[in-house]
Amino acid sequence: MSRDILRSLPTTADGNATALRALLDTQRSDFLASDAPSAAVRRDRIDRLVLLLTENADEFSAALNADFGNRPHGVNLLSEIAGILPDLTNTRRKLESWMRPERVRSSTLMGMPTVVEKKPLGVVGVIGPWNFPISLVVQPTASAFAAGNRVMIKFSEVTARTADLFAAKVTAYFDPTELTVVTGGAEVGAAFSALPFDHLFFTGSPRVGALVAATAGRNLVPVTLELGGKNPAVIAPEADIPAMAQRVMAARVANGGQICLCPDYAFVPRAKLDEFVSAAIEQGRKAASCEGPAGMVSIVDDKNFERVTALIDDARTHGATVLDTGTRLDRARRRMPPTVLLGVTDDMRIAGDEVFGPVLSVLPYDDIAEVCDYISRRPSPLAVYWFGPLGRGFDALRERTLSGGVSVNDFALHCAVMAAPFGGVGHSGSGAYHGKTGFDTFTHLRTVTTSKLPFSFAKLITPPYPTGLTGCLKAYLGWERRKAERRVAHAKSLPKPT
């Protein structure tokens, strides 16, 4: 299929599986017909991504503001563009060293010199979310480009203006055999997930992520899932309670609470509960008092607004105490006052559902052990937060809980360090990206080994078998058994840990 025909294919429409497959096939054909892209080509593609973002930053911000109803210009520039540029810049700078084959030194001594090649996979699919619709598709795209792949992006239909604008702009920077953007609703998303990509990267809810993984699994497509979950914040007994309460509440209302890393609930020492709640409500009141374009980010649409208000209503019906900042619930503009819930129990929907709104559940605790038990019995969250000085309590939290990452004394720090892996675990996702981890996610490590041995392994396991082979193998197994027996006996002689 020619590139002119490719450009004429619909990228918005009705989930036409044939048209989507044609987009994929053309990218794959061009990939297979070409050598693996050089470091210069990969850097150029990342540079054009940077230009796409920076040359159209104001237009993208205006579209985002229109999609949300209110999303301040500064928030858009930071979260969608400026915040990810360091990762793109670092990836561009280091990709050549990441591309180099690695020699396995021990293999040469064994007479089998081995090299691990870094091979591009082919065509990568990226499915983005609505809460950060640009940054959370561009970042994995940059990693896929660094690894030498072609990319197809599926934007969320919730932020349709942003999706349409990005799709229109991308054609000025990329040939569609390098990068193409697909927009449209759930039907398009389902058809996109069913394509036989070489890798599929999804950011979104656990519920949709499970569907995407199941669909991709029919084609044995490897999937990276960046999901979310019920992220806990734990306040240490020795913490500066007012200061930490303000930080937790600020994190809870960031982007209107519509961030997969927002703390969903906070464990507070029982004796400090009133002090924490008072400071959290005051921080929420400050955020809610800002009006106009610089005010709080609106809930993205009516559906999500009603979902969050229903969670609050359900909690109230089941006996929770609902405390807010006193500012008016504004359905017309989808403005919701920052809210604190007390007395949350497991029979309330909000105890299990990810909120994605400015609502914080606050739970008292008496001992860190009960906090660890509560967290560890539930699906692993994307983040665990500790607020206060480090010590035994923090050590216990690290040892006894599992999460995608941990941040101490502030919001989403482990995600902001772009050289470190970022991802979930279990219910909050699988796989990771950022920095070299992103490059590795979209790379196949191919082992190439050459024999310089004076004998053939194939002949060792083919009749007639070499004389003495069985005796040599038995001697080796006996040697390994005796070493293991000595280690086990030594371990039994050591004092039991307390």
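Q: Two strands pair if DSSP finds at least two bridges between them. Which residue in S16 is the bridge partner of lysine 118?
A: This is a predicted model, in which local features need pLDDT of at least 70, side-chain atom pairs count only at pLDDT 80 or more, and totals for chains, interfaces and linings use all residues. Residues are numbered from 1 along each chain as its sequence is written, and side-chain values use heavy atoms, without hydrogens and water. Strand S2 covers residues 114-120 and runs antiparallel to S16. In S16, the partner of lysine 118 is leucine 445.

Q: How many bridges join S2 to S16?
A: Strands (E, at least two residues) and helices (H or I, at least four) are DSSP runs, numbered from the N terminus. S2 and S16 belong to an open sheet of three strands, with antiparallel pairing. The number of bridges that join S2 to S16 is seven.

Q: Which strands are the edge strands of the three-strand sheet?
A: Read the sheet in order: S1-S2-S16. An edge strand here pairs on one side only. That picks out strand S1 (102-104) and strand S16 (443-449).

Q: Which residue in S6 stands opposite valine 126?
A: S3 covers residues 123-127 and runs parallel to S6. In S6, valine 126 faces phenylalanine 201.

Q: What is the volume of the largest pocket?
A: A pocket is an open set of points on a 1 Å grid over the protein atoms alone, where a 1.4 Å probe fits, with protein on both sides within 12 Å along at least five of seven lines. A volume is the space filled by probe spheres set on the points. For the largest pocket, that comes to about 1,500 Å³.

Q: Which residues of the largest pocket lie closest to its centre?
A: Lining residues have an atom within 4 Å of a point. The largest pocket has 49 of them. The closest to the centre are Trp130, Gly204, Ser205, Arg207 and Val208.

Q: Which element gives the most to the lining of the largest pocket?
A: Elements that each supply at least two residues include helix H10 (186-193), strand S6 (199-203) and helix H14 (302-317). The top contributor gives six residues. That element is H11.

Q: How many charged residues are in the lining of the largest pocket?
A: Ala, Val, Leu, Ile, Met, Phe, Trp, Tyr, Cys and Pro count as nonpolar, Asp, Glu, Lys and Arg as charged, and the others, Gly among them, as polar. The lining has 21 nonpolar and 16 polar residues. The charged ones number 12.

Q: Which helices give two or more residues to the lining of the second largest pocket?
A: This pocket has a volume of about 790 Å³. Its lining has 33 residues, with Leu78, Ser79, Phe132, Ile259 and Phe411 nearest the centre. The contributing helices are H5 (73-82), H8 (135-146) and H17 (413-416).

Q: How many nonpolar residues does the lining of the second largest pocket have?
A: The polar class holds eight residues. The charged class holds one. The nonpolar count is 24.

Q: How many salt bridges does the structure hold?
A: A salt bridge is a side-chain nitrogen of Lys or Arg within 4 Å of a carboxyl oxygen of Asp or Glu. Some link up in a network, which joins Asp44, Arg45, Arg48 and Glu178. The total for the structure is 27.

Q: Is arginine 316 buried, partly exposed or exposed?
A: Arginine 316 forms a salt bridge with aspartate 313, at 3.1 Å. Both lie in helix H14. Buried means under 20% relative accessible area, exposed over 50%, and partly exposed in between (1.4 Å probe, protein chains only). Arginine 316 has 44%, so its class is partly exposed.
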